[in-house]
Amino acid sequence: MNFCGKCAAPLSRRTPPGDDRPRDVCDTCGAIFYENPKIVAGCIPVRAREILLCRRSIEPRSGFWTIPAGFMENEETTQEAAAREALEEARANVHIGSLFCYLNIPHISQVYVIFLGRLDGGFAAGDETLEAAMFTEDRIPWAEIAFPAVEVALELYIRDRRRGAFGTHTVDINWRAGEKRPPDVLSIGGA
Ligand SMILES: [Zn+2]
């Protein structure tokens, strides 16, 4: 930010008294503008043995596949956000189930909150989506998955389904799309 959202005066970057890191501070009216991590809410929509994925039509990672997920809006729950994203991105009514995993991505200040989901009825490409399609486990386009968090969530899902029990998982993601990921993070099916 360059200018104060309250009084429009120029902002300066400094550590306020009693704080431990620099913030955008207005020297005219005293307002302090905090930046905090964003929450991405989503689900893994499943019908029978197939998973619904969306191919993105927008940057970042246009043309790559993802589960329906996106930034929470104010005044909604994470479950509501996950259902809304499925409706917007895949025109899909998804019954949101248990919390499946949350993934910390500190280097981009995001947290993914992913629920299990049951697809009810049909689907179609929605806003921000080139196409929506169902994939069996062996057809997931691993080399074309948009984001590391989505790749890991899908792997966890398939691993849990194979062993017949869904857990709730916490994963720290510290690599970027296209980068080689650390060897201690699970890997199944990968391309
Ligand atoms: Zn101000």
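Colleague: Before we start, how are the residues numbered, and which pLDDT limits apply?

Modeller: Numbering begins at 1 in each chain and follows the sequence as written. Since the model is predicted, local features need pLDDT of at least 70 and side-chain atom pairs count only at pLDDT 80 or more, while totals for chains, interfaces and linings use all residues.

Colleague: Thanks! How many helices and strands does the chain have?

Modeller: Helices (H or I, at least four residues) and strands (E, at least two) are DSSP runs, numbered from the N terminus. Here the chain has two helices and 11 strands. Their order from the N terminus is β-β-β-β-β-β-β-α-β-β-β-α-β.

Colleague: In what sense does E8 pair with E11?

Modeller: That pairing is parallel, with four bridges to E11 (residues 169-172). Asn104 has Asp172 as its bridge partner there.

Colleague: Which residues does Asn104 touch?

Modeller: A contact means that two C-beta atoms, placed from the backbone, lie within 7 Å. Leaving out residues up to four places away in sequence, Asn104 touches Val111, Asp172 and Ile173. For the whole chain, 63% of contacts between residues at least 6 apart in sequence join residues at least 24 apart.

Colleague: Why does Asn104 count as partly exposed?

Modeller: The test counts other C-beta atoms, placed from the backbone, within 10 Å of the residue's own: 20 or more is buried, 12 or fewer is exposed, and in between is partly exposed. Asn104 is partly exposed because it has 16 C-beta neighbours inside 10 Å. Across the chain, 30% of the 191 residues are buried.

Colleague: Last one: what are the domains, and how far apart are their centres?

Modeller: Domain bounds come from an automatic or database domain assignment. For this chain the assignment gives domain 1 (1-35) and domain 2 (38-172), and their C-alpha centres are 36 Å apart.

Definitions and conventions
Two strands pair if DSSP finds at least two bridges between them.
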